[in-house]
Amino acid sequence: MRTLEGAALWAAVAGYALAFAALSAGTFLGRERLGRAGWRLAAAGWAAHTLAIAVRWIATGHAPVQGAYENSLSGAWFIPLLGGVLVRQYRPAIRAAPFIVAIALLLLGNGIMAPAVHLPLEPPFRSNWLVVHVAFAWLAFGSYLVASVLAGYHLWLSRRRAAVPAARPAVIDELSAKLIAFGFVGDTVMIASGAIWAHGLWGRYWAWDPIETWSLVSWLTYAVYLHLRFTLGWTGSRAAWLALGAAAVVVVTFFGIGVVSDVHTQLL
Amino acid sequence: MSATAVLLALASFAPDPGEPRFEELRRRAPARAWILERLEPRRFTTSPAFLALPGYIALSVAASMWQRASARLRTRRAPPEIERFAVRRTMTLGEAPGPAAERVRDAVRSAGFPRASAAGGELHGRRGALGFLGSMAFHAGLLATMVGIGLSAVGRFSGEVVLTEGFPVRLGPATVRAATPPDGAARLGGTTVAIRSVSVEFAPEVRQALPDSRTGMVDVSAVLDAERDGASPGRFFLSVNAPASLDGHQLSIHRYGFAPEIRATDPEGRVRTDAVAVLQVIPPGAEDAVALDGGGELRLRFYPDWAPRGAEPASRSPLPVRPVLAWRWMQGGREVASGLVPRGGAAEAGGYRIAFPSLRYWLELLVSRDPGLPWFTLGALLGVGGLALRFGWHEQSWRATLRPDGAGTRLELVLSARYFPALLEERAERVARALGGRAA
């Protein structure tokens, strides 16, 4: 099982790495065929990634959501999926795909550096809320990260409109906002499910531990984004810069506070 | 909201005032320590200065909901409106108005617009009520959550009670420790609880490989018996993620450990303790102290699965397979005797005798009562459902006017949406491509 998992994982890494190279050539050198090949490579990498997750799930007997390795494995899976849905909805968004694949690669790389030992699920994690909480966390953070890639692409596109005549910056901007709205729903489910789960486990639904506090900070940041966008009409570059800033908060929440604090998952 | 987010972000970096380095800071820089102490998240988020912000947000949300609901009610009988962003297309289709209308319906529907209704020579569709209701539900959920948080801040009770297998405990201020608020445990009076059948399970594949760690533990469970004055006795199954609900309080397993029964006799034959000792299991091999009657203490280390590594005492696994107690008798601050005693045995050194007749488990249960939880849960449900409706069914409408034009049909199409004008343009182009008409 471990051999199969390892092989599938490295196949996924190879697929994403090659896809990154091909998609980058497609985007920056204007080689359309390479871009299409890159997309197929990313799809193959994602299929191998899915296999690695399935094998891990079967081998450990639980959803791969415990520890840095499993969380990176699962979290990175959502990024190409969201990217695929996005490109399917608006084909010119494929030019942002190298960065989407790069995020998946970085996340996987982060996981590969952590121990991958098979461990049973620890007592606090033996709850139906676990999968809901973690899956929606990754869905939300994946959406936010892909939205920030689109925001960056929008900024680039706005300055080099002639470089990609098929892509409309305004559409890219709106797709970014849609992804943020989608991620915000996931973020809300993540926070709500975590709070209700925490009450059953620790007798309180909120304890202001660093991760809880920063989850709320990132939720509030995106709530501000959505209000500025949909109520006050912020669009274009202003909204894109705001989306990039909000993504920085997500990165701090997950990879800054999450790495230095273990209070959030206190055990027996 | 921005101010709240920034203040929370700052507060998260404030050190815990209980930490030793904070004491050091208090000595070195009292003014800085004073500020940081007030920024500590738990304290900061219950301060009136901070609570004013969510209070202001709640008022603003309530006012906004009222304004929007009133506006909605005023316009509910008005004919379907074109939304904020609109795209107009006029074209001539090759077929007669009847078949053309069918094609328009299909093309508009496949571009994600609402289903068509017909009125006179016009087709139209509208979606929006759910989006509006979703927004209202989300904001109502936000208010309910804030009410819940407020009720929790005012009325939440939490405490801890340690129960040893086979020893009933009457819940109340005397037995519930770390009670917050201190008088909250009085409401528990009149209930006696006891635990039995405590089980600590480890995954079989790792319990041998990782003996000195909690890694590999998969569950802690027990049966809780409760007797209430004037009520029938209750029995509850407890495990880490399965708390018991008793008289409006939740009892959840927080920690566990071993509780060896110990009888200590000094060289004069006086029994200095005859009780169960509550020993820690984390960190493994931690030394615990038990006070002795008449002064002195017994220091104990517990090895659940005795398997010494050379001269070093050690445990092979965390399971109580061959339990052994290492003891040191301290008198006047110095060790006067020491030894090892297995379960069911006794050991003597220098006239000091320790007997270890039986072994039990102890559990520390968190006792909590939170009047804000139902409101918080309601708020969460409304919030999630409301958001899904808001973003899944945002306001859109369209109108198509079809008039005979020679052998064909002249189509005037208006597509509109509350949000996303550029995507609306894209969809309008898809509709136009699907209809394939000649632009007029």
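Between chain B and chain A, the count comes to one salt bridge, meaning a side-chain nitrogen of Lys or Arg within 4 Å of a carboxyl oxygen of Asp or Glu. The partners are the side chains of B:Glu426 and A:Arg168, at 3.0 Å from N to O. The model is a predicted one, in which local features need pLDDT of at least 70 and side-chain atom pairs count only at pLDDT 80 or more, while totals for chains, interfaces and linings use all residues. Residues are numbered from 1 along each chain as its sequence is written, chains are lettered from A in the order in which they are written, and side-chain values use heavy atoms, with hydrogens and water left out.

Back at the interface, 13 residue pairs are in polar contact, both residues being at pLDDT 80 or more. A polar contact here is a pair of N or O atoms within 3.5 Å; within protein, one must be able to donate a hydrogen and the other to accept it, and residues adjacent in sequence count only if both atoms are side-chain atoms. On the side of chain B that touches chain A, the largest share, eight residues, comes from helix α9 (residues 373-392) of chain B. Helices are DSSP runs (H or I, at least four residues), numbered from the N terminus.

As for contact in general (heavy atoms within 4.5 Å), chain B puts in 58 residues and chain A 51 residues. The two chains bury about 4,500 Å² between them, and carbon and sulfur atoms give 72% of that; buried area is the accessible area (1.4 Å probe) that two parts lose on being put together, summed over both. B:Met1, B:Asn241 and B:Phe420 supply 13% of the area that chain B buries against chain A, more than any other three residues.

Now for helix α5 of chain A, which covers residues 129-159. Its 31 residues reach 45 Å from first C-alpha to last, close to the 45 Å expected at 1.5 Å a residue (1.5 Å times one less than the number of residues). Of these residues, 22 are buried, that is, under 20% relative accessible area (1.4 Å probe, protein chains only). A:Ser148 sits in this helix and is buried, at 10%. Leaving out residues up to four places away in sequence, A:Ser148 touches A:Ala243, A:Leu244 and A:Ala247.

The largest nonpolar core holds 158 residues, and B:Leu224, B:Leu298 and B:Trp327 touch the most other members. Such a core is a set of buried Ala, Val, Leu, Ile, Met, Phe, Trp, Tyr and Cys residues joined through side-chain atoms within 4.5 Å. Its largest share, 17 residues, comes from α5(A).

Note on methods. Helices (H or I, at least four residues) and strands (E, at least two) are DSSP runs, numbered from the N terminus. Buried means under 20% relative accessible area, exposed over 50%, partly exposed in between (1.4 Å probe, protein chains only).
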